[in-house]
Amino acid sequence: MATGTEQVRLLGRSIGAEVVGVDLAELDENDFVLVHRALLDYGVIAVRDQTNLTPEAQIAFSRRLGDLEIHVAAHFLLPGHPEILQISNKKSADGAAVGFEEAGRYWHSDISYVERPAMCSLLYALEIPPSDGDTMFADMYAAYDGLDGATQKRIADLTAVHSYAASFAGETAAGANRATLTDDQKAMLPEVVHPVVRSHPETGRKALFVNPGFTTRIVGLSDDDSRSLLGALFKASVHSQNIYTHKWRRHDLVIWDNRCLMHHATPYDSSYIRHMHRTTVIGDRPV
Ligand SMILES: [Fe+2]
């Protein structure tokens, strides 16, 4: 219900805002428009103090933004609510992990390795450690805008391969701790090709759409040229001026737009519990 106390405040330089005075569990149309507008304007928003956000309410709110993805990691879905992926270091009674413990500790755009990648992701903080475990976000509009004209021209019509399996193999070889997929799960994830620069379907702005997590090569370039160009684009993307670092508060529901942002989780002291519920809204095929 609209209370008249709704406020949106920019926290970062160009991206990152907090929204206070709204209750996502009982959101009227005016507040929905306000939240949606804030997401488009700031790329990532933290809706504060969502003390009553049940799994049903998070799913219902997320559905107002679009269809929801069911994550391939079936063993980490919330029992009874497969729309919710658990990001957690909690263990069940038999000692098994209930969720991804070290999810996303590399720069990426969620599920960019499918034909219709995530439009946005919503992460609800049920329990957080007293410090650390921040999430960093990179503004991919600013990354594109900051490129010199020759580079913008060079990449205008290029496409790139995104692959969970290939990138998973590379990360594992490099020693990263990433969740294991079965062969069946990998077979469900063939590589896909997306434009290197995409136009945001709602704002019309151009954003760079390559990420170190899942983008493996540029189509039509030699391996060396592809590696060198991707390296330059990744470096430009994570310039400190483009980054907003979110310091979590309990009961934040953070929503980010994967069409124009990358994100990167950071470590925390695992003697504390960090327990979160994620929903993911499916987006359009990038163009
Ligand atoms: Fe992620």
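Predicted model: local features only at pLDDT ≥ 70, side-chain atom pairs only at ≥ 80, totals over all residues.
View 1. Together with Asp110 (OD), the NE2 atoms of His108 and His263 coordinate the iron ion at 2.1 to 2.2 Å. The donor residues follow the spacing H-x1-D-x152-H in sequence. His108 belongs to the loop between strand S5 (81–88) and strand S6 (118–127), while His263 belongs to strand S15 (residues 261–265), so the pair ties together parts that are 155 residues apart in sequence.

**View 2. The aromatic pair of Phe32 and Phe61.** The whole structure contains 8 aromatic pairs. In one of them, the ring centres of Phe32 and Phe61 lie 6.3 Å apart with the planes at 70°, so the pair is edge-to-face. Phe32 is in helix H1 (residues 29–42) and Phe61 in helix H2 (residues 55–63); the pair links distant parts of the chain, 29 residues apart. Phe32 and Phe61 are both buried.

**View 3. The aromatic pair of Tyr106 and Phe214.** The centres of these rings, Tyr106 and Phe214, are 5.9 Å apart and their planes stand at 85°, so this pair is edge-to-face. Tyr106 lies in the loop between S5 and S6, and Phe214 in the loop between strand S11 (206–208) and strand S12 (215–218), 108 residues apart. Tyr106 is buried, its relative accessible area being 15%; Phe214 is buried at 3%. Tyr106 and Phe214 form one aromatic cluster with Tyr113 and Tyr164.

**View 4. Arginine charges over aromatic rings.** The charged end of Arg198 is placed over the ring of Phe209, 4.7 Å from the ring centre. The charged end of Arg205 sits over the ring of Tyr141, 4.0 Å from its centre.

Definitions and conventions:
Residues numbered from 1 in each chain as written. Heavy atoms only, no water. Donors = N, O, S within 2.8 Å, 3.2 Å for Na, K, Ca; no water. Helix = DSSP H or I, 4+ residues; strand = E, 2+ residues; numbered from the N terminus. Phe/Tyr/Trp six-rings, centres within 6.5 Å; stacked < 30°, edge-to-face > 60°. Buried < 20%, exposed > 50% of the residue type's maximum accessible area, 1.4 Å probe, protein only. Lys NZ or Arg CZ within 6 Å of the ring centre and 35° of its normal.
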